[in-house]
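This report sets out the fold of the chain displayed below, from sheet to helix to core.

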Amino acid sequence: MTKVQIRYRLEKPPDERMMEQIAAAHSIYGIMRVQPLLPSLEEIVVDYDASRLKTEDVGAALRRGGLPVELEK
């Protein structure tokens, strides 16, 4: 297992539904943790297994799960 951490910017402010989607994202294959960054909640940090997912796969999986994310540059 190769644990990698990546940041994503949320394209809109999180509401209650989005917070539920963030909480549910850890069930996506290869994703170990998704955590919003405080205090602004404009970004999330994702820990994932790079031996199972590529960076592009993580973003695509989060978007399929309903999270409007953009890779932090």
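## The sheet

Four strands form an open sheet in the order 2-3-1-4, with antiparallel pairing. From one strand to the next the twist averages 30°, taken between axes that are lines fitted to C-alpha atoms, for helices over the stretch in contact, with angles from 0 to 180 degrees between N-to-C directions.

The model is predicted: local features need pLDDT of at least 70 and side-chain atom pairs count only at pLDDT 80 or more, while totals for chains, interfaces and linings use all residues. Residues are numbered from 1 along each chain as its sequence is written, and side-chain values use heavy atoms, with hydrogens and water left out.

## Strand 3 and its partners

Strand 3 (residues 43-49) runs antiparallel to strand 2, to which five bridges join it. Seven bridges join strand 1 to strand 3, again in antiparallel fashion. Asp47 of strand 3 is the bridge partner of Arg33 and also of Gln5, whereas Ile44 is the bridge partner of Pro36. The hairpin of strand 2 and strand 3 has six residues between the strands, and there Leu41 takes a positive phi near 60°.

Seven of the seven residues of strand 3 are buried, so the strand is largely enclosed by the rest of the structure; buried means under 20% relative accessible area, exposed over 50%, and partly exposed in between (1.4 Å probe, protein chains only). One side of strand 3 carries Glu43, Val45, Asp47 and Asp49, and the other Ile44, Val46 and Tyr48.

## Helix 1

Met18, Gln21 and Ile22 are the buried residues of helix 1. Seen down the helix axis, the buried residues of helix 1 fall within an arc of 100° and so line one face; the arc is that of the directions from the helix axis to the C-beta atoms. An α-helix has 3.6 residues a turn, so residues three or four places apart point the same way. The face turned away from the buried side carries the exposed residues Glu16, Arg17 and Ala23.

Strand 1, strand 2 and strand 3 are among the elements that cover the buried residues of helix 1. Gln21, in helix 1 (residues 16-24), has a relative accessible area of 15%. Beyond its neighbours within four places in sequence, Gln21 is in contact (heavy atoms within 4.5 Å) with Gly65, Gly66 and Leu67.

## The nonpolar core

The largest nonpolar core has 16 residues, and those with the most contacts inside it are Tyr8, Ile31, Ile44, Val46, Val58 and Leu62. Such a core is a set of buried Ala, Val, Leu, Ile, Met, Phe, Trp, Tyr and Cys residues joined through side-chain atoms within 4.5 Å. Strand 1, helix 1, strand 2, strand 3 and helix 2 (55-64) each supply at least two residues of this core.

Not counting residues up to four places away in sequence, Leu62 touches Tyr8, Ala25, Ile28, Ile31, Ile44, Val46, Leu67 and Val69.

## Thr2

Thr2 is found in the segment before strand 1 (3-10) and is partly exposed, with a relative accessible area of 43%. Leaving aside neighbours within four places in sequence, Thr2 is in contact with Tyr48, Asp49, Ala50 and Ser51.

Terms used. Pairing = 2+ DSSP bridges.
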